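This note is intended for a colleague who is meeting the structure for the first time. Please read the points below with the sequence and the model at hand.

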Amino acid sequence: MSRFWSDQVAGLVPYTPGEQPKIADLLKLNTNENPYGPSPKALEAIRAAAGDSLRLYPDPESTALRQGIARRYGVKPEQVFVGNGSDEILAHVFHGLFLHSGRPLLMPDISYSFYRTYCRLYQVPYEIVPLANDFSIRVSDYTAPRAVAPAGIIFANPNAPTGMGLPLTDIEAIARANPDTPVVIDEAYIDFGGESAVSLLQRNDNLAVIHTFSKSRALAGMRVGFAMAAPEMIEGLVRIKDSFNSYPLDRLAQAAALAAIEDDAYFDATCAAVVRSREHLVQRLNDLGFEVLPSQANFIFARYPGMEGADLAAALRARHILVRHFALPRINQFLRITVGTESDCERLYTQLVQIIGAQ
Ligand code: PMP
């Protein structure tokens, strides 16, 4: 505590991202990175951009990239906003779209932890809506009439860390029941089996979807994310960004992301490989006696009855496999495990068999 800090700063808890330790044969299944790496075309684009243009400032509006994203998703460039990772876009969303109306923002109790952090940071009042017993988002909690309309609604679809998805009909029902409220769907993990709400943007101008290049396009190290929404909502994000002088995407990031978004063949093949490994892993873990929530993401959320999640994570760590454990009520027994390659999953499975056998 410093006498120079506001109460708001004093109350902040530093984010503890997944560990990044330097152990030689480490299997890192704790931060949902993509085991296959980015498209070779993205790597070529980085080399080309590095070769001839780094002395020049980047395009502040990422025009070519926004056009590429617009083409890929069938929207207009003025419906696309890009940022340094979807975390930066979320910051703008909380800072601007949801701010200071005095009414609370709604979000699920179990969801991406940054939402709460941003609420605290930007002093956005919020109301936590518990998940149902089966960990699903209960749509009626967001569609039931309220005395005061919420200032905003945000959740991840598929949700994190559960991996469970909502169908488009439910998302549209939430958007329609709250026509004057921004409804923001964080689709960081949508490409591994979920249904993107981008197709609903045309007829729901209060809906925004946020994507990242960090997961399905394997560019976590570059920091690129994007939002798609009606032009009016995007214009709000642009105003926030411009008034805070946040950095444009650098030249390498713009070039890499554009090449990645245009390489559908690589994207389709690598996403399909992750989904195949996930299904195989889920089946094998079920056979071992694990409870695994139905995942549409590149991770699974699983527990072994009778064993504490923290103990299981520690046993895996001792065997040089990192997974994520959240010491939180309701999910304390669970581990979030990134789906790697088939051989990563095999190594994980073999170690789990040994750990459980030794119980
Ligand atoms: N949303 C969710 C649900 C996430 O899990 C993550 C990654 N941890 C992000 C957003 C942020 O991803 P990035 O900033 O890498 O785009």
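1. Basis. The model is predicted: local features need pLDDT of at least 70 and side-chain atom pairs count only at pLDDT 80 or more, while totals for chains, interfaces and linings use all residues. Residues are numbered from 1 along each chain as its sequence is written.

2. The annotated lysine. In an unreviewed entry, UniProt lists K215 for "modified residue: N6-(pyridoxal phosphate)lysine"; such annotations may be inferred rather than shown by experiment. K215 lies in the loop that connects β7 (207-212) with β8 (225-229). Helices (H or I, at least four residues) and strands (E, at least two) are DSSP runs, numbered from the N terminus.

3. Is K215 buried or exposed? K215 is buried, because 25 other C-beta atoms lie within 10 Å (buried requires 20 or more, exposed 12 or fewer, and partly exposed lies in between, with C-beta atoms placed from the backbone). Leaving aside residues up to four places away in sequence, K215 touches N32, N34, A188, Y189 and N298; contact requires C-beta atoms, placed from the backbone, within 7 Å.

4. The open sheet. Four strands make up an open sheet, ordered β9-β10-β13-β12, with antiparallel pairing (two strands pair if DSSP finds at least two bridges between them). β9 (291-292) and β12 (324-325) stand at the edges with a single partner strand each, so one side of each lacks a neighbour in the sheet. Two bridges join β12 to β13 (residues 335-338) in the antiparallel sense, and H325 has L335 of β13 as its bridge partner.

5. Helix α10. Helix α10 (residues 264-288) lies across β9 and β10 (299-303), at about 5° to β10. Axes are lines fitted to C-alpha atoms, for helices over the stretch in contact, and angles run from 0 to 180 degrees between N-to-C directions. α10 also packs against α12 (residues 342-357) at about 10°, with the axes 10 Å apart. That makes the two helices, α10 and α12, roughly parallel (angles under 35 degrees; over 145 is roughly antiparallel, 65 to 115 roughly perpendicular and the rest oblique). The contact includes H280 and L281 of α10 and Y349 and L352 of α12.

6. Helices α4 and α8. Helix α4 (residues 86-97) packs against helix α8 (residues 231-243) at an angle of about 100°, their axes 9 Å apart. The two helices, α4 and α8, are therefore roughly perpendicular. H92, H95, G96 and L97 of α4 meet G236, L237, I240 and K241 of α8.

Methods. Two residues are in contact if their C-beta atoms, placed from the backbone, lie within 7 Å.
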